[in-house]
Amino acid sequence: MAAAILSEGLGYGIVLGFGLVFAAIMTLITMIQKRFLGEKIDSEEYMAAGRNVKTGLVASAVVSSWTWAATLLQSSSVAYKYGISGPFWYASGASVQVLLFSVLAIELKRKCPNAHTFLEIISIRYGRKAHYVFLFFGLLTNIIVSAMLLLGGSAVVTALTGMNTYAACFLLPLGVIIYTLFGGLKATFIADYTHTVVIMIIVLLFSFTAYTTSDLIGSPGAMFDLLQQASIRHPVSGNHEGSYLTMASSQGLMFGIINLCSNFGTVFIDNAYWQRAIAASPHSTVKAYLIGGLSWFAIPFTLATTLGISAVALENHPNFPTFPNRLTMADVGAGLVAPNAAVALLGKGGAVAVLLLVFMAVTSAASAELIAVSSIVTFDVYKAYIKPDATGKQIITVSHAIVAAFGIIMGVLAVILKEAGIDLGYLYSLMGVLISSAVLPVTFSLMWKKQSATAAIVAPLGGLVISITAWLVCAKLYSGEITLATTGTDQAMLAGNLGALISGGVISIIISLIKPDNYTFEGTRALQQVTDDSPGGMPSTDSASDDGSLDEKKKGGEKAEVTSVDVPAPKGGWTFSAEEDAKLAKASRFARWSSGVLTVILILLWPLPMFFSNYVFSKGFYTGWVVLSIVWAICSTIAVTIYPIWESRGAIAEVGRGIWGMVTRKSSTAAV
């Protein structure tokens, strides 16, 4: 990218100053909740947000935590490389996982309603050995995601402002650490909502600017003409007729498959998404993930159809920062397509908007990762193996320490990757190779009673070996050598990602069919919450042995006493009546068919007919495509910004009355 368009001082001002101000506001909101809504920050509130968060706020949090720097940057990069197929495959290939996760989310509510992490389920059902295996994959996922957030975010901050990259890596998470320390998971929900509002507004700002008011483009028709000219100047290899205006892109399809496989791992194995399910009210869970998945689709789809495509259209215009040169592949890999396009469209205003957009994406997702790692280390390391009788107060103390420590570790990891020459695009494609072999075994832990402990242990590890082997062998066969560059080719990444996702499931199924389990989930249902005056936690008499066999026969099928869904059992947490369980079972069936239908539409029925027919968009069709992306973004904005306010109107009114009462009392006292 050309010289920084913004001052270094502005970079520090937004990253440090804005971050601290935002942290102060979030901390103040947490204090207001405690004062006027009577919310007590005990261990369950801190780590699980009371398990009663409503649909809109959970959906907004899902969108926010899934909106990484890569969502904004890498989506525009693939649009620049592959044309209009890039934004679609990025959006569809990373939204179906959230939609399908709605099934696991409701099954979690049914089968382990008092869980704090998904690893507790693994421990209870399969024992310590399996717990160690999935602890490795869970923390590896959080480490990769956290490093990727800061790697992409710091690259943009440096490119736009000239701010020191290493300083950005350590300062970006600072404000997040502060409000997460004070408010825990509930604070991250409130911050997520705020981030989502800002992100959606900026996405719409760029879209309306490019397609309605810009002197450089101004309409979908003008963009269409510019893209046709670009196809002549530098046709896209692998696209039908070299056009940017077609879904018939072999490289775009290959990226879509890589994207699909890798993102299963970063949803299903990332404790951040399980925590949103844990925090959700039981009857809000399915709707929240379906709304969240569909709303998130609009962000990369609309933004990349705007900025990524604008970069292609405008790079031969004097307003483009690199004019008269094209963007280098290093700049594209670092995620600098969107910033360059924003500067071309809006000058310094566009640079500030992108900087704010990336700041919001990095900090919102970072807050989710901080509390996710804190929960894992607290419950699956400290409480599981160091101090099993830990009280709620001790758990909060440890959680605070982990939040602060991992906030620093995030920066260190990003610096290490930067020094190693690994960019955002490489890491984004690689993550599935390393973690996706655990996806189906984790899914089976809640969805298939026959998966055995041996299968749960062997499948992810065996799949990891297969995926790494496939990745490196393909790099060698395709490029003739194994280097950072050759292992980053689409062919090598495709082989590794497919190998990981498929082999993990196949190994588990084969082993489980040879020697199946017959698990009833009574052990997971018996998991208790932790209270400040009692350790609670995992069932002491029914936990799994080291070989994973649950001694449920000793229980004789005895079940714990149940209470209404709306009333937590004393010191025990949530249990459900038969009537409530039937409602949750119905919600589970709805989640399965609705998420399944949406997945088929987004992955097969919508894109593949255009791919196989080699259809090149006409001007009218492209105009409709653009209008669809903007309308989708508007509807998504309503769903995740206005709907949560409507749902929370009672609490907002209560806070307002409380503040008004406090003000009037002080006024009366002063008058006297």
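Which helix holds Leu99? Leu99 sits in helix α5, residues 85-111. The model is predicted. Leu99 is buried, and its relative accessible area is 0%. Beyond its neighbours within four places in sequence, Leu99 is in contact with Tyr289, Leu290, Gly293, Leu294, Ser595, Leu598 and Leu602. Take Leu294 from that list. Leu99 and Leu294 are 195 residues apart in sequence, yet their C-alpha atoms are 7.6 Å apart in space.

Now the rings. The structure holds 36 aromatic pairs. One of them joins Phe88 and Phe301 edge-to-face, at 6.4 Å centre to centre and 80° between the planes. Phe88 belongs to helix α5 and Phe301 to helix α13 (residues 285-314), so this pair ties together parts that are 213 residues apart in sequence.

Phe101 lies in helix α5 and Phe268 in helix α11 (residues 250-268), so the pair ties together parts 167 residues apart in sequence. Phe101 is buried at 0% relative accessible area. Phe268 is buried at 5%.

Ring pairs also build a cluster. It links Phe88, Trp89, Phe297, Phe301, Trp606, Tyr615, Phe617, Phe621, Trp625 and Trp632. A charge meets a ring elsewhere: Lys111 lies over the face of Phe521, 4.5 Å from the ring centre.

Last, helix α19, residues 439-447. Seven of its nine residues are buried, so helix α19 is largely enclosed by the rest of the structure. Its buried residues are Val439, Pro441, Val442, Thr443, Phe444, Ser445 and Leu446.

Terms used: Residues numbered from 1 in each chain as written. Predicted model: local features only at pLDDT ≥ 70, side-chain atom pairs only at ≥ 80, totals over all residues. Heavy atoms only, no water. Helix = DSSP H or I, 4+ residues; strand = E, 2+ residues; numbered from the N terminus. Buried < 20%, exposed > 50% of the residue type's maximum accessible area, 1.4 Å probe, protein only. Contact = heavy atoms within 4.5 Å. Phe/Tyr/Trp six-rings, centres within 6.5 Å; stacked < 30°, edge-to-face > 60°. Lys NZ or Arg CZ within 6 Å of the ring centre and 35° of its normal.
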